[in-house]
Amino acid sequence: IAYYEEMTAKRADVEYDLDGLVVKLNDTTEWENFGATTKAPRWAIALKFPARSGITKLERVVYQVGRTGVITPVAELTPINLGGVMVSRASLHNADEIERLDLHEGDYVEVVRSGDVIPKVVGAKPEQRVKKAKRIAFIKKCPSCGKALEREDVFFRCVNAACPEMNEAYLQFFVSKNGLDIESLGSEWVAKLYQNKVIADYADLFAVTKEDLLQFEGMGEILATKILQSIDTRRQVPFTKLLTAVGIPNVGEHVASILAEHFEGPDALAQASLEEL
């Protein structure tokens with residue numbers, strides 16, 4: 001703790017960017033006894049420095065549809081330099097957070113880079129607010145498909161299975177490193193394929209041709225070949241990886257591995273009863 005406080009004070013004098021410390025147990029023979037979670041070791045801890053902050057104007061709030069239908073409000077800000085990085089957008093997380101921050105249109109807000117990485121709005125400046133400024137209210141309909149949203153705990157969710165933005169996000173996750181890890185096929189190319197109706201679901205990805213890819217500006221022979229080769233290498237994958245990639249709500253890598261141990265494949269899992277699960 002004393003060293004952390006000392007380094008927090010000296011932070012500006014260090015010759016390189018520093019956002020915190022990592023403290024590890026010296027005795028490496030004890031690491032195995034301490035163990036680890038699925039994401040991090042228990043023999044090490046990260047101690048982050050206080051985030052850099054600044055004041056800027058809230059231009060507007062826009063809404064994004066995630067792959068599970070959860071609607072995330074995002075603050076679009078007048079760009080501000082925080083620790084050498086220009087910040088123009090920050091997640092507002094959910095409706096409760098907007099209410100807690102008491103955000104109004106055109107507010108000046110305090111923004112921090114949490115862990116010096118992720119921008120976050122931490123409060124409004126009501127003393128700088130324009131008179132009769134309209135309070136920001138969370139939307140009631142999906143910004144993508146227009147269907148009414150349903151509240152689930154602190155989140156609002158679109159439950160329309162045909163929602164375009166939700167399905168696009170599902171496909172982007174499917175090809176990502178956390179999904180099947182289809183190299184060279186990034187989220188932007190997936191969006192173009194989906195929006196231009198080349199693909200509509202997971203299976204369509206495996207039927208994409210070189211002609212389908214070459215119709216897009218910026219796509220050349222070499223990149224198209226790389227994408228098709230990468231798709232080919234994913235035609236056979238472990239059941240665990242497939243389960244994770246298709247993005248079933250509440251089924252992450254850990255739960256997927258448990259299900260894959262008990263069920264031979266997709267058909268067996270689809271037919272499983274509540275008791276079996």
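I would like to begin with helix 5, which spans residues 187-195, and where W189, V190, A191, L193 and Y194 are buried. Please keep in mind throughout that what we are looking at is a predicted model. If you follow the chain just past the end of helix 5, you come to K197, which takes a positive phi of about 60°.

Let me step back to the whole chain for a moment. The chain has eleven helices and nine strands, and of its 277 residues, 35% count as buried. Its C-alpha atoms fill a box of roughly 60 × 55 × 50 Å, when this is taken along the principal axes. The chain exposes about 17300 Å², and carbon and sulfur atoms supply 51% of that area. If we take the contacts with a separation of 6 or more, 52% of them are between residues 24 or more positions apart.

Now to the strands, and to one pair in particular. Strand 3, residues 53-65, and strand 4, residues 71-82, pair in the antiparallel sense over seven bridges, and within this pairing Y63 of the chain stands opposite P73 in strand 4. The two strands form a hairpin with five residues between them, and in that turn G69 has a positive phi of about 90°.

Is V117 buried or exposed? It counts as exposed, because its relative accessibility is 55%, and the cut-off for exposed is over 50%. V117 and R100 are 17 residues apart along the chain, and their C-alpha atoms are separated by 23 Å.

Finally, I turn to the largest pocket, which has a volume of about 150 Å³. Which part of the chain gives the largest share of its lining? That is helix 3, residues 95-101, which contributes four residues. The residues lining the pocket include A95, D96, I98 and E99, and also R135, I136, A137, F138, K140, R151 and F156. Sorted by class, the lining has six nonpolar and five charged residues, with no polar ones.

That is the tour, and I am happy to go back to any of these places on the screen.

Definitions and conventions. Residues numbered from 1 in each chain as written. Predicted model: local features only at pLDDT ≥ 70, side-chain atom pairs only at ≥ 80, totals over all residues. Heavy atoms only, no water. Pairing = 2+ DSSP bridges. 1 Å grid on protein atoms, 1.4 Å probe; cavity = no way out; pocket = protein on both sides within 12 Å on 5 of 7 lines; lining within 4 Å. Points joined across faces, edges and corners; volume = space filled by probe spheres on them. Nonpolar A, V, L, I, M, F, W, Y, C, P; charged D, E, K, R; others polar. Buried < 20%, exposed > 50% of the residue type's maximum accessible area, 1.4 Å probe, protein only. Contact = heavy atoms within 4.5 Å. Areas by Shrake-Rupley, 256 points an atom, 1.4 Å probe, with all protein chains shown as cover.
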